Amino acid sequence: MTARDLVEGAFGNIWRMKLRSALTIAGVLIAIAAFTAMLSFGAGGQQYINDQFEEFDLFSIMRVLPGSPDDDEPEVDVAKLDDKAIEQLSRIPGVRNVYPLDAFKVTVYYADTSATVEAQGIPLAAARTKTLSRLTAGTTFESDTASQIIISEDFLRDIGYTGGDSILGQQLIVETQVARLDSGVVKILQVPGDSLRRRLNELEVDSLFAGDYARRLLFREMSDAVARFIDGLLNSRATMRDTLTVCGISPSRRSSPINTRPVLITSHTAQRLNEGKVATDPEDLFYALSTGSLTGGGWDFESRVYPRVSMDVDPHVPYGAITDSVEALGFRVFSFAREFEQVQKMFLFFDLGLAGVGLIALITASLGIANTLIMSILERRREIGVLKALGADDSDIRIMFLVEAACIGVVGSVLGIVTGWLITRLVSFIGRLIMRANEMPEIELFALPLWLIGLGLAFGIIVSLAAGYYPAMRAARLDPVTALRDE
Amino acid sequence: MNQELIKAEQLCRYYSRGNYTIKALDAVDLTIARGEMVGVVGSSGSGKSTLLNLVAGLDTPSAGEVIVGGAHLSKLSRKELARYRAEQVGMVFQSFNLIRHYSALRNIESALYFTDVPREERLDRARELLDKMGLANRGDHRPADLSGGEQQRVAIARALVKRPTVLLADEPSGNLDQTNAQQIATLLKELNLAGQTIVLVTHDLTLAENLCSRIIRLDYGRVVEVLQ
């Protein structure tokens, strides 16, 4: 028998037993629809994450943090993430650009309004990366030294600006207050004359050599000096101010996977505003104390220590090689590519779980196929006998029934995939309505890639063939003499 | 001309039923020449159909041998036996055994499904035979739409379409009225005269006498008489 004879014969038999075939196919259809819809949800999530990574070029971003991953106590002997480290990092093969992520508080004035927000200095090369050049309006900095500023949609909302793009080209005043070491030192020395006289009067010279009087006196004076130093550091601040032109508007944090600051300025401007000084934020001060930058030469402008550093890497270079090199320098690395791999693994288990549920439905449907074919054999015993008398061998009969099972699988799978797709469209439509109603960014929840269509079809056919195997074997084994005697 | 085509040697077919053994065929010796038309007669249960099934390669003998065209059927594999049936044996049954959901044309064509004959030639040969049987305008009809005589003519066409070495007819007119039975008998005679070897199983001795050059009478599985 030719393949055409087999397929024609199979569809002829399916068509002849319309109701029974329809019910059997419906079983496969429902199973494949469930299988497709569920895996489509997994694929949709995977696709969304993949698109986001591609769109924001996250595969080429790494964050370097102080402290080795092997350290049990990262506070001890932490390698400093300073300019020297940045230079070392930029020499690692595959690293295209390295810049510090050193945000600091600024107050931005526009017309009669102002807002205190975090500012981030970035070099021009970083500003031109996919991640940071994704602006809703305007362009990025013209040069590394441009007196320009990129503000976010969130910032515009904070200052109540409703003019949209018209802010482009307008000037903002950016101001920051920095604590200075000298202001702290001056404060220690600033002891008013009355206070000094009062202290000297209170001094009991005779007791200086007795008991612990001298020690108590020394401790009191030292703690007083430290308090005055910190008071000077925090309260006697210098104000740095710059006028910058708005060149671009960055998207809101809600629509970006990267936590960009409300205000982006060039590294050059950032250095001008914040160079070598500790910002007013107490957190910064304590960070400077913990990293040793305050006491260990941190006031040296050339060796500033940063809390984080961003690296733009070549996505074609294996991230493992780069992270190994960074970790060898004594730093920790956060790699989006590594996170993506973890997410992929998570999705694999998620998909396997969903496929398992779909497979259970498919196995149930396979019982229907087996039942249909066994019934068909019982009804067609005489036909099988005749075909054997005409010259069919066991394998011809076996193939006939397997093709019939496969045809049920193909029809059920194709209809199931289409139904599954329609279900995902419906759920996606409802999902979008809900997202719109909740002012959430609209995302596509489902995806139906070619591999999923192929998988659905393959599963449908394989399970149908498996279900048809026993009936086909039974038909092939039928004794023609007995079968021909059947009434 | 009397070239030997079919030979049965001490052919036996036994069935076990619990503690009993039924001897459907017991030590039958038989020779049929090419182009001969041999009648096998006997009462019900005499072993006529069993003999036919063994010659057709549908059944396996308990002992003895069937040799067709020099081929020992018992030495053939199941696949080779199927091939033998597909290419050399044409069978006609009392109850026609047409596939009820096939058209008349497809029923005839189906006999060539298991041969190497290409699809187009299959259809041409089936149409030609349908025409010969006087059923050219009934090709699309299902068996249920045909009369008994027409159904048997379709069945004979199906047996002949493969141009078999031997035509095995098992009570071909058993289910037909006298007129149709006569037509089928005439058709078989014509085929034999054209050189077709035929083994005709019937319980109608008169029919066998009219058609066959030799009649073998079976009783309880044994050859009890050979009439020339």
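Begin the tour with chain B as a whole: of its contacts with a separation of 6 or more, 69% are between residues 24 or more positions apart. Two residues are in contact if their C-beta atoms, placed from the backbone, lie within 7 Å. This is a predicted model, in which local features need pLDDT of at least 70 and side-chain atom pairs count only at pLDDT 80 or more, while totals for chains, interfaces and linings use all residues. Residues are numbered from 1 along each chain as its sequence is written, and chains are lettered from A and ligands numbered from 1 in the order in which they are written.

**Chain B: overview and sheet**

Colour chain B by secondary structure to see 7 helices and 10 strands. Helices (H or I, at least four residues) and strands (E, at least two) are DSSP runs, numbered from the N terminus. Of the 228 residues in chain B, 46% are buried. A residue is buried if 20 or more other C-beta atoms lie within 10 Å of its own, exposed if 12 or fewer, and partly exposed in between.

Next, select the open sheet of 4 strands in chain B, whose order is 2-1-4-5 with antiparallel pairing. Strand 2 (20–33) and strand 5 (71–72) of chain B are at the edges with a single partner strand each, so one side of each has no neighbour in the sheet. Two strands pair if DSSP finds at least two bridges between them. Strand 1 (residues 4–17) of chain B is joined to strand 2 of chain B by 10 bridges in the antiparallel sense; on strand 2, T31(B) is the bridge partner of K7(B).

**Helix 2 of chain B**

Move to residues 78–88 of chain B, helix 2, where L81(B), A82(B), R85(B) and A86(B) are the buried residues. These residues lie on the same side of helix 2 of chain B because they cover an arc of only 140 degrees around the axis, taken from the directions from the helix axis to the C-beta atoms. They pack against helix 1 (48–56) and strand 6 (89–92) of chain B, together with helix 13 of chain A.

**Where the chains meet**

Now show both chains: 17 residues of chain A are in contact with 20 residues of chain B. On the chain A side, helix 13 (381–390) is one of the helices that supply at least two residues, as are helix 1 (3–16), helix 14 (394–437) and helix 16 (480–485). Helix 13 of chain A has the largest share, 5 residues.

**The largest nonpolar core**

Select V55(B), I108(B), L168(B), V199(B) and L200(B), which touch the most other members of the largest nonpolar core, a group of 115 residues. A nonpolar core is a set of buried Ala, Val, Leu, Ile, Met, Phe, Trp, Tyr and Cys residues joined through C-beta atoms within 7 Å. Helix 2 (residues 18–55) of chain A gives the most to this core, 12 residues.

**Strand 6 of chain A**

Finish at residues 148–152 of chain A, strand 6, where 5 of 5 residues are buried. Q148(A), I150(A) and S152(A) are on one side, and I149(A) and I151(A) on the other. Strand 8 (residues 238–250) of chain A runs parallel to strand 6 of chain A, and 5 bridges join the two; S250(A) is the bridge partner of S152(A). Strand 9 (residues 263–266) of chain A pairs with strand 6 of chain A in the antiparallel sense over 3 bridges, with L264(A) opposite I150(A).
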